[in-house]
Amino acid sequence: MFFEKIGIYGMQKIEKAVLAGLITGDPVLFIGSHGTAKTTLCRRLAEALGLKFFAYDASKALFEDMIGFPNPDSISRGEIEYVPTKLSIWDKEFILIDEISRARAEMQNKWLEIVRGRQVMGMKAEKLKYVFAAMNPPSYAGANPLDEALAGRFAFIIEVPRVSEMCEDEVRKVINNSSEEDAAAMGGKSHAVP
């Protein structure tokens, strides 16, 4: 199984849907509780594909974070060019729009154009191949309902399994596998469970 080859365990039941999203290039939305490895899954997929990965926190990201800042020289020529920053979308290849349901309504509208057409204000993000998003279930405090137009742009809406839904063997593999976010003081290493 592909997920296990890239160090993702306990998610076999969603693997085919995720791979379909990769094959078609259509946007994918993950819905799952905190700590269900949504970000790690996206990072590992991008690494496996040899693509530059970047995660935006939609609860904090501003429009300027995505596009950069207008270049005053271009405005004087009657054009609009943007001075990119490290956060700008223009050089990204695989993005995760994390916490998308915590984005304010006006930012959800701006993310819609990225999700739908990999563009901002009609300007294509030429290098952007994959757009994934993640959110917690709507019952979480602070979550906003997704605008119907935005939700409708995701070809695949995938519920990420909780550990409680996994078999014992899968749980053991999850526990024995660590990522860059786990056990930071130990360099991402966890102790094996027999």
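Strands (E, at least two residues) and helices (H or I, at least four) are DSSP runs numbered from the N terminus, and two strands pair if DSSP finds at least two bridges between them. Strands of a sheet pair through backbone hydrogen bonds, either parallel or antiparallel.

The model is predicted: local features need pLDDT of at least 70 and side-chain atom pairs count only at pLDDT 80 or more, while totals for chains, interfaces and linings use all residues. Residues are numbered from 1 along each chain as its sequence is written, and side-chain values use heavy atoms, with hydrogens and water left out.

**Strands 5 and 8.** Select residues 94-98 and 130-135. Strand 5 and strand 8 run parallel and are joined by four bridges. Leu96 stands opposite Phe132 of strand 8.

**Strands 1 and 9.** Next, display strand 1 and strand 9, which run parallel and are also joined by four bridges. Ile31 has Glu159 in strand 9 as its bridge partner. In a regular strand the side chains alternate between the two faces of the sheet. On strand 9, Phe156 and Ile158 form the covered face, whereas Ile157 and Glu159 form the uncovered one.

**Helix 2.** Select residues 12-24. Which residues of helix 2 are buried? They are Gln12, Ile14, Glu15, Val18, Gly21 and Leu22. These residues cover an arc of only 130° around the axis, which puts them on the same side of helix 2; the arc is that of the directions from the helix axis to the C-beta atoms. On the other side, Lys13, Lys16 and Ile23 are exposed. Buried means under 20% relative accessible area, exposed over 50%, and partly exposed in between (1.4 Å probe, protein chains only). Gly25, with a positive phi near 80°, follows helix 2.

**Helix 3.** Move to residues 38-49. Buried residues of helix 3 include Leu41, Cys42, Leu45 and Ala46. What covers the buried residues of this helix includes helix 1 (2-5), helix 2, strand 1, strand 2, strand 5 and strand 8. Just after helix 3, Gly50 takes a positive phi of about 70°.

**Two loop residues.** Finally, select Arg118, in the loop between helix 6 (105-117) and strand 6 (119-120). Phi of Arg118 is near 50°, a positive value in a residue other than glycine. Arg118 counts as buried at 16% relative accessibility. Met121 lies in the loop between strand 6 and strand 7 (123-124). Phi of Met121 is likewise positive, near 50°, and Met121 is partly exposed, with a relative accessible area of 48%.

Notes:
Contact = heavy atoms within 4.5 Å.
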